[in-house]
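Thanks for coming. Please have the sequence and the 3D view open, and I will go through the contacts one at a time.

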There are 2 protein chains.
Amino acid sequence: MNILITAGGTSEKIDNVRSITNHSTGRLGKIIGETFLAKGHFVTYVTTPRAVRPTNETNLTLIEIETTKELESALLDQFEHQTFDGIIHSMAVSDFTTETTLSEETFIEKLATTLTKDDALSDLTKLTEALYLSLDEIGKTIQQEKKIPSGTDRLLLFLKKNPKIIAMLREKQPQAVLVGFKLLVGVSTEELIQVGQTILAKNNCDFVLANDLEKIKGDQHQGILIDTQGQTETAQTKNEIAQLIVSKVEEKWRMQ
Amino acid sequence: MNILITAGGTSEKIDNVRSITNHSTGRLGKIIGETFLAKGHFVTYVTTPRAVRPTNETNLTLIEIETTKELESALLDQFEHQTFDGIIHSMAVSDFTTETTLSEETFIEKLATTLTKDDALSDLTKLTEALYLSLDEIGKTIQQEKKIPSGTDRLLLFLKKNPKIIAMLREKQPQAVLVGFKLLVGVSTEELIQVGQTILAKNNCDFVLANDLEKIKGDQHQGILIDTQGQTETAQTKNEIAQLIVSKVEEKWRMQ
């Protein structure tokens, strides 16, 4: 099979020296990649600079990206000349990217200036409407201050929505067995499964691996693999998760 | 001499899986540490999880921190039982930490509700005042939404000022030879030196190492060491910078 794996975590630049980082060691992705390779499959592995990755030299193509935008371009580029049989989308992708950063002084100055042009501010509906317009204008048009004045007590960071990668994966590679991932923090098993099922249905995945940050400690890693029938299987280590995903993807592919 | 070195870059948590990270490989700090150790000095080395660090086993105490707040506590803790002769503060410390994160919907709802309670919104001064109060109340009192609604198009991240570590270093260890660092991006040598001198005077440093991100490529690393007399010396590699700092700190200490 020709397999695509995304792993690691994206970063979104705030400026030249700072960024918003989605933490992910990439260790689960590495083991999944190695398990597919060990079974003789071809793997295109898209990852981020700080994440660990498989080190095999045969049948492995490595691609490195940093931001969600770069991930999107790299994938679209692959899809122009490759068709995948299985896609394991384990990368922690940032839902939002930076739009602009302003000191509270600049922010309020812009906001106050636009608002006082309006003369119906005592009405809650009209004020709300005016605030949406101002915020949108500030976010889209006000350039980030070159040098953030270090004297300010508060900064406002505007973040805007990133493209949804998983939706694009399904759209561009409808034939692939698609495995999505969902990481939650400190929820019940019921909630974890329920959220996983929602993600699966919404993104038209074949499987979703749902896991909880509080149940990941070193190689101990509880993961619940959910399928389209609502069946679940639970693994307790990264290695078990990898074995489970590989065998389920192989099986599903054979049945298609 | 008893030397304190800070190196690497702090991170400020946004939530359990994301943070704002100051990028720093820690490579310059590592070489400075190793140079001090090679000359027989004692080194307390405070660094961050992803940064490289000296690996010597004698005369070296390693301390790991993540956030600026943790850095402050770790240093105050050291100062209770150690006095330092030299302090090399090369860590990229975040000026701001996260206060709260809100969807634009929640933000505007809170803002509109407070503003409509005010009846003098057509006046720019009064509106500005009202906006400051609202923003402050939102930042300080509104809890970050547990689960950021992924349906929102825009998030607002509130950041508030972190304590100034360098000021605290000078205050708590007045006897130490203090070396501050300033990293700028794409400025002229004149501006770099001028900003370095301002930082030196403001924080009562003995030296400031001023450098420009655009003049750092691998081991090539231009650094300008500025002293209290306004004298400057320029080094071209990380190793030269380390040699320069160690000899200047030793010299200054002998003269005290």
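Start with Arg18(A), which stands opposite Asn22(B) in β3(B). The strands in question are β3(A) and β3 of chain B, residues 18–22, and they pair in the antiparallel sense over five bridges. Strands here are DSSP runs of E of at least two residues, helices are DSSP runs of H or I of at least four, and both are numbered from the N terminus. Two strands pair if DSSP finds at least two bridges between them.

Some housekeeping. This is a predicted model, in which local features need pLDDT of at least 70 and side-chain atom pairs count only at pLDDT 80 or more, while totals for chains, interfaces and linings use all residues. Residues are numbered from 1 along each chain as its sequence is written, chains are lettered from A and ligands numbered from 1 in the order in which they are written, and side-chain values use heavy atoms, with hydrogens and water left out.

Now the rest of the interface between the chains. On the side of chain A, 49 residues are in contact with 49 residues of chain B, contact meaning heavy atoms within 4.5 Å. The two chains bury about 4,600 Å² between them, and 65% of that is on carbon and sulfur atoms. Buried area is the accessible area, with a 1.4 Å probe, that two parts lose on being put together, summed over both.

How many salt bridges are counted between chain A and chain B? The count is two, where a salt bridge is a side-chain nitrogen of Lys or Arg within 4 Å of a carboxyl oxygen of Asp or Glu. Glu99(A) forms a salt bridge with Arg154(B), and the closest N and O atoms are 2.8 Å apart. Which elements of chain A each supply at least two residues to the side touching chain B? They are β3 (18–22), β7 (96–103), α3 (104–116), α4 (124–141) and β8 (154–161). By class, that side has 24 nonpolar, 13 polar and twelve charged residues. Ala, Val, Leu, Ile, Met, Phe, Trp, Tyr, Cys and Pro count as nonpolar, Asp, Glu, Lys and Arg as charged, and the others, Gly among them, as polar.

Next, inside chain A. The chain is divided into domain 1 (2–95 + 162–255) and domain 2 (99–160), with bounds from an automatic or database domain assignment. Their centres, taken over C-alpha atoms, are separated by 37 Å. Six residues from domain 1 and six residues from domain 2 make the contact. The area buried between these domains is about 340 Å², with carbon and sulfur atoms giving 57%. In domain 1, Ile14(A), Arg18(A) and Ile20(A) lose the most area to domain 2, together 77% of what that side buries.

Last, helix α7 of chain A. Glu250(A) forms a salt bridge with Lys39(A), the closest N and O atoms being 2.9 Å apart. Lys39(A) lies in the loop between α1 (27–38) and β4 (42–47) and Glu250(A) in α7 (residues 238–255), so the pair ties together parts that are 211 residues apart in sequence. Lys248(A) also lies in α7. Not counting residues up to four places away in sequence, Lys248(A) touches Phe207(A), Leu225(A) and Glu233(A).
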